[in-house]
Amino acid sequence: MALTPPSPKRSGNSPNAAGGTPTSSAVSQPPAEPPPPDEPPEEPPPWEQPPEEPPSTCTDTVATLPAAVSAVAAAETEAVVCLADGSYGAATLSASAGVRVTMRAENPGQATLAGAILDGEDLTLERFVISDEVQILPGTTGITVAHNRITGGGEGIDACPSTIISCDDMKIVGNQFVGPFGEDAIHLNRYHDSDGDGIGVLIEDNEISGVRENGSHSDCLETVWVGDHLVFRGNYLHDNRCQGFFVKDQASPVVGVTVEDNLFLRNTEPCGPPLGPTECGQPNYLQVFGPYEGLVMRRNTIWGDGEDSVATFREGTGADTLISRNVIYRLWTDTDMSGISLRENTLCEREGNWPSSTPGEITACSLTFADVAKDDYRLSGSNRGVDWAPAEVHFGP
């Protein structure tokens, strides 16, 4: 059967499918299998250790935004500044070096901010409803945006808007992004692992929905201008029309990219206005352009939209790339991926120039997941694809 190749944005003319023969055999469930003997055991690397938690109680509770901003700036020891219930303007926060400061809604989701600008070091913003963009300024270190509900802005989070100055050791964790946004839910510019823990930026356990291509290259996550040690893990992307995970426009190799245990579903929503319903082309759940080094894509599930459930790899692939134990309906490339490691995956279709040896690969276009009606896409008895269900994870405030 002739297949229509993906139509990725910002890539010139649409590619032609290169090499490979689509497969279409169907089974109800892949057999259970032990972990592959040649893959290193998955002992938690340093960046998977639980971070030190901020104090669980408020050290200061205030009822106005100016008081909260002042308390954050004046903190000389570890502090949690809580903001009482209510609707507030945009917060511009700066924390001093050597002080861990959190600004938190006193009651989760009961305080609303009209956006935020974050500066300084070791500053956390959490548990708010945020109706406009959150910006992490260049030159910051240790900024965390956690368990907020972000519903507007040109970008949901604009992380480090600079082509030359990095933001170090950022964390975007546990948030709920509800589009549409002017462009991206999360836009990364420059990021760097300065403390050697294996994370330049951690994007973990977020829910992203309602992001629809509107002619401005709307992506769920876009990263540009080079960074190192990007970890994208445990995220739940659904009911969008976006490039879910998009690495492009890099001026030099991105070093260390981990895409792990993410669930990508229903990415065929209509285009956003002013475009017509079908004017924005075929969406891509995942699209990676080089140059990059040290990419690991493991235990992701990309399913539910047939041939539109596609993960694509483009120019500049690193030879040390590992794609392992994923459940992907359609895996596609128009570049030379023959030198990478591709093993223990369950795929319906694989197109392009891939390794001649793909140990443990299962061809399956019909799978029995735990509970599709509840977006529980776990495969019983399998060590492939996601090992969690959305109902088990708390997103947002």
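Predicted model: local features only at pLDDT ≥ 70, side-chain atom pairs only at ≥ 80, totals over all residues.
Biologist: How many strands are in the protein?

Modeller: Helices (H or I, at least four residues) and strands (E, at least two) are DSSP runs, numbered from the N terminus. By that assignment the protein has one helix, and its strands number 35.

Biologist: What percentage of the residues count as buried?

Modeller: Buried means under 20% relative accessible area, exposed over 50%, and partly exposed in between, with a 1.4 Å probe and protein chains only. The protein has 397 residues, and the buried share is 55%.

Biologist: What share of the contacts with a separation of 6 or more comes from residues 24 or more positions apart?

Modeller: A contact means heavy atoms within 4.5 Å. Among contacts in the protein with a separation of 6 or more, residues 24 or more positions apart account for 64%.

Biologist: How many disulfides does a search of the whole structure find, and what is their pairing?

Modeller: A disulfide is a covalent bond between the sulfur atoms of two cysteines; here it is assigned to a pair of cysteine sulfur atoms within 2.5 Å. The search finds five disulfides. With the bonded cysteines numbered in sequence order, the pairing is 1-2, 3-4, 5-6, 7-8, 9-10.

Biologist: Is the link of cysteine 58 and cysteine 82 left-handed or right-handed?

Modeller: The sulfur atoms of cysteine 58 and cysteine 82 are 2.0 Å apart. This pair links distant parts of the chain, 24 residues apart: cysteine 58 in the segment before strand S1 (60-62) and cysteine 82 in strand S2 (residues 79-83). Cysteine 58 is partly exposed at 32% relative accessibility, whereas cysteine 82 is buried at 0%. The angle about the S-S bond is -85°, and the link is left-handed.

Biologist: Which handedness has the link of cysteine 348 and cysteine 365?

Modeller: These cysteines form a disulfide with sulfur atoms 1.9 Å apart. Cysteine 348 is in strand S34 (residues 346-353) and cysteine 365 in the segment after strand S35 (362-363), 17 residues apart. Both cysteine 348 and cysteine 365 are buried. With 85° about the S-S bond, their link is right-handed.

Biologist: Which residue forms a salt bridge with arginine 298?

Modeller: A salt bridge is a side-chain nitrogen of Lys or Arg within 4 Å of a carboxyl oxygen of Asp or Glu, and the whole structure holds 14 salt bridges. Arginine 298, in strand S28 (residues 292-298), is paired with a residue in strand S25 (residues 254-260), 38 residues apart. The closest N and O atoms are 2.9 Å apart, and the partner is glutamate 260.

Methods
Residues numbered from 1 in each chain as written. Heavy atoms only, no water.
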